Amino acid sequence: MSELLSLFSEGELTAIAEQHKTAADKNATLLNLFNEIKDLYPIKDCHDILKACLKDNDSLNSLQERTFAVRKHTCQMLAGVPDYVCMNKFNIPEQYREIICHNPEIVDAAVKQLTLENENVYPKVESLFRALDKVTEQFLEKKSALINEAVLMLDGGANISLAGLDDKYKPYLFNALLSGQDIIEPLINDSVAVDGAFLNKVSAFYNDVLSGVKLLPEEERESAFDKIMTAALTVLLQQRGISALDSKLSATLMANAVSKFALITSAANQKAVQINKDQNATPADMNQAEELLHINCVVKQLVKSIYALDNEDILTVPHQDVPQSSLAQESFNKLFNTVFLRKTETDLLPDALRDYLNADAALAIKELPTDSMNYQAVEKAQAWFSNKDAIPPEIREKVFDDVIIKAKAQGEASSLFDSANYDYTLVLADIKNEVLNRAIQAEGNGSTLTDEDISNIAREVVLKDIKELSNLIDFVSASDSILLKNNLNVHLSPEEKTGIIGNLHRLGIRDLNALKEVIGTYRNIVESTLPNLVAPDPIDSQIISAIYTIKDKFGTLAFNFKKADQQTQANLRTFVLNMTTVLSAQTFYEGQSIKDRLTACLSSVSADRVDSSLQYLSKIAQEENRPRALTQLHESSQVLHELKQIANVTKVNDPFTSLTQLKGGDNGIVSHLARGDAINLLPAEFQKLSKINPPLSESEYWIMNAIIKQYTNNDPKNADAINALVSSAPQIIDFYNKSGYVPEGKALYRIVSGGAEMPDNVSDDEVVIKAYESLYNLVLEKIHDSPGYDDNVTPSQIAYMINCGAFFGCSPELIRQIALGQKTDISGEDLNCPVGELPSLTDFNPKNNYFLDVDFHRWKGRTSFTFIQKDGEEVVFRPSRDLSADPDKKNMLYKSIILSVYKMMGKNEITDELSEENRIQLSRVFCLLSQAGIADTRCEIFLPPYNNADEHGSYLFNIKAKEDGSIEVVIKTDPDSVYDYSQSFVVRTDGSYACTDFKIAIRENAAASSESVPSVSEDDEFSV
């Protein structure tokens, strides 16, 4: 004991005594641990392990608990030692290596790896290093694309000064940049919902920030945390081309944060306070309270960083000599306490929070320590439930039948619940938990449970279940409507009541709040998700995205039900979807019922493709034994097929037979599979090759697959070579079709380099990478020589630009011709990816004035929209900076713009009825008037001076009605622009469209040509 005590100070021993019943008890446990590890690790490391166990308040009673604690802390201690062979393999820059090694995901994976090897043995030092090396390599391989992008950002001029950080702190942002990508979209896009998965991602982002902060000197950590998180946020926004200096952005982010997090944090705080005040709270309850407070802490830090974007004083540590920092802190605390910690009307936790807490864990039977006291009563109780798939005959005979008889005699049960059709399995999990809890309590009181005790407990549980069910049925029968938690009053018809009552029992619904959740989920799907699914002219990505969202909503909803086993979840989904046959007639989408729109959508070619794709991928998942991906795909297919039944779409689609039948590109299914595990079923190179236009045939894909494997071995460190081959794919296939053999050696070098001749000293396995380097060096040289060259352009940015060829459809040959001055423009024929492919029409509807509410105010400079009617009438509209300040003025302008398109379709008023074709044509025109219309301008990155034009910049839109009823849209750049961009579309009367012209070129005399454009005053919003 003295040897152990010598390791701790008096203060540490006092802390031990406060945390545990007696210091002696804890010291004895620590002594056991110390004696077990002192010969395995140096004494100093033993000291650090024991102190870490105390700090985390680890339970150390059993050997299993002690070995786990040691695995956890030793992995954390050794994580910072980089494996240089592995780091060199993936070309990780020196300054980021230690940071990456401390990534929480690596530490957690190493602990799991060691646990799988032997959970009851303390790991040897060599085993620790082996596990860390293995999971580090797996991590670097999985995250290679994100790591490369983070390096490019941090080495390529990302600005972190906004957060008050010096450049020396850049490395400490690294882990946060890897996980932060997942949280940006919901923050900037108010249409993306927050769910449990997103809360987990926010928590991971917080932990990754913390992993960097912990490496700083202790005295710097407190002041650095807020700055590093804010800096990471600014860099992540910069990656998306968004400036954190834009005050409108910070206001948008804060508004989105309030709408997404305020209810969650308020409910979490209220629930945690209740638990902490409850003197009878169980350890599980206290753990839940701790989790709730943790997610509030995480969200508060994120909201504080958003707040700091427009209030940088808050990043200064409060000090009496800097009063503005204290005022900023006080202002933020008041905001958070008022908005994010307000009292909620109900104790029911939001879906996202329940999902985050994984509420179904409450159904699990409590695990007992293997070396704890021998609870005889518990063992007996567990024996009652040895068969998990059926109820033991003893319980059926002694308990359930008796309960039903007594319940009927007391008038407490409906005639629906006789012993023949009451499903006893729905209450089995509740009986298990209650018996085990009572057994533990009895053992603590020095007694044991008898068989009769166990029967009585089961009887109580069943009777309580029947009472709850009977009360709910009585309520539904007597109610004409149900008020949901968002104050939406849903009226119930007799048919709806019958459907609800008939399903309450088998769905495990036992209280009014649960029923409200079911109705609320239905309403949410009908009002939010189904309109997205059934928007006109559906595309593959629109359909798969909506199907995934509906599937996820059911997964979250199921957590609310204590008896939500797999079959119950399936029944729940069927029940809610079938309600659309009754209720959807009350809900209209642009004058049509959801069911009618659903029929049109699910009869489309895109729906057929999605159906066949899901079936094909499910088959692959089953063959490769990928259970998580299979579950995701199977549930998505079920949702799709049940919706088709509701819509009376009877067509049966066969599964695809080849990868190449999956539609790629922005409008296809491939990129949207990234929302789940199904993306891992697709080879990495296919995800890139699927964007090529025209699409590769099956044989052409396998040719490219073989070449990529031969020259890169699919190794992430060869990402440059992989991208070079992908962007060269059409030229490689053309060579093969003409010659009959696959290019190699000099021929392949010439294609991948864009036309250069191969030097004599290039070996066979270096052909592709040397060809890429040849193109890289040429572009580097020409960029330095180009007019308007930016000294801040780094080699990493040039590499990023060339690699973009694989994504934007620019072949190496095109890039080389531009670099050599042989070509000064890019046309649609030059590109390997689709040109003028427009997104889903989901967002273009009357509710948001066909997206004018979102996009119109973003245009800058001298942007104008000129509408020319068939009779020659011409109207010009120009965005105004102060438009949003006057709602009446804004609405008048928007109505005038919308009416201009109505007139082009032969309508006189906005209130005139539209045909289905009219709807599509109208929405498609406004899609072109949004930023979707200028998406192809990103190709300008390949033209000197190699800059990205502002997506919110100045563009001239010319919209003209044609005699045949079609509408022509021509988009050009402002004459002052560096680039001369022009793109034309025609939107036909049936809503179909085509890009008829695309060109972007270098403009030599931008300034001189600006004189022809008259200036526009702030008040000149539109003219006729």
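**Helix packing and local features of a predicted chain**

Helix α33 passes helix α34 in a right-handed crossing; a crossing is right-handed if the near helix is turned clockwise from the far one by less than a right angle, and left-handed if anticlockwise. The model is predicted, so local features need pLDDT of at least 70 and side-chain atom pairs count only at pLDDT 80 or more, while totals for chains, interfaces and linings use all residues. Residues are numbered from 1 along each chain as its sequence is written, and side-chain values use heavy atoms, with hydrogens and water left out.

**The chain as a whole**

- Of its 1024 residues, 50% count as buried (under 20% relative accessible area; exposed is over 50%, partly exposed in between, with a 1.4 Å probe and protein chains only).
- Taking contacts between residues at least 6 apart in sequence, 69% join residues at least 24 apart (a contact means heavy atoms within 4.5 Å).

**Helices α33 and α34**

- Helix α33 covers residues 729-739 and helix α34 residues 745-753; they pack at an angle of about 145 degrees, with their axes 9 Å apart (axes are lines fitted to C-alpha atoms, for helices over the stretch in contact, and angles run from 0 to 180 degrees between N-to-C directions).
- On the α33 side the contact is made by Q731, I732 and F735, and on the α34 side by A747, L748 and I751.
- These residues comprise five nonpolar, one polar and no charged (Ala, Val, Leu, Ile, Met, Phe, Trp, Tyr, Cys and Pro are nonpolar, Asp, Glu, Lys and Arg charged, and the others, Gly among them, polar).

**Helices α5 and α9**

- Helix α5 (residues 63-78) packs against helix α9 (residues 125-142) at about 70 degrees, and their axes are 10 Å apart.
- That angle makes α5 roughly perpendicular to α9 (65 to 115 degrees; under 35 is roughly parallel, over 145 roughly antiparallel, the rest oblique).
- Their crossing is right-handed.
- T74, C75 and L78 of α5 meet L128, F129 and L132 of α9.
- By class, the contact of α5 with α9 has five nonpolar residues, one polar and no charged.

**Helices α11 and α13**

- The axes of helix α11 (residues 174-188) and helix α13 (residues 218-239) cross at roughly 70 degrees and come within 9 Å.
- The two helices are therefore roughly perpendicular to each other.
- From α11, the contact takes in A176, L177, G180, Q181, I184, L187 and I188; from α13, it takes in A232, L233, V235, L236, L237 and Q239.
- Ten of the contact residues of α11 and α13 are nonpolar and three are polar, with no charged ones.

**Two buried residues**

- F139 belongs to helix α9, and its relative accessible area of 4% makes it buried.
- Leaving aside residues up to four places away in sequence, F139 touches I100, N103, E105, I106 and L178.
- One of these, I106, is 33 residues from F139 along the chain, yet their C-alpha atoms are separated by 6.8 Å.
- T866 sits in strand β6 (residues 864-868) and counts as buried, at 11% relative accessibility.
- Again leaving aside residues up to four places away in sequence, T866 touches E874, V875, V876, F957, N958 and I959.

**Backbone features in loops**

- Most residues other than glycine have a negative phi, and most peptide bonds are trans.
- N693 and P694 are joined by a cis peptide bond, with omega about 0 degrees.
- P694 lies in the loop between α30 (684-689) and α31 (698-712).
- N648 is not a glycine, yet its phi is positive, at about 60 degrees.
- The loop between α29 (627-646) and α30 contains N648, and this residue is exposed, with a relative accessible area of 57%.
- Y850, also a residue other than glycine, has a positive phi near 55 degrees.
- Y850 is placed in the loop between β5 (825-827) and α39 (852-855), where it counts as buried at 5% relative accessibility.

Definitions and conventions:
Helix = DSSP H or I, 4+ residues; strand = E, 2+ residues; numbered from the N terminus.
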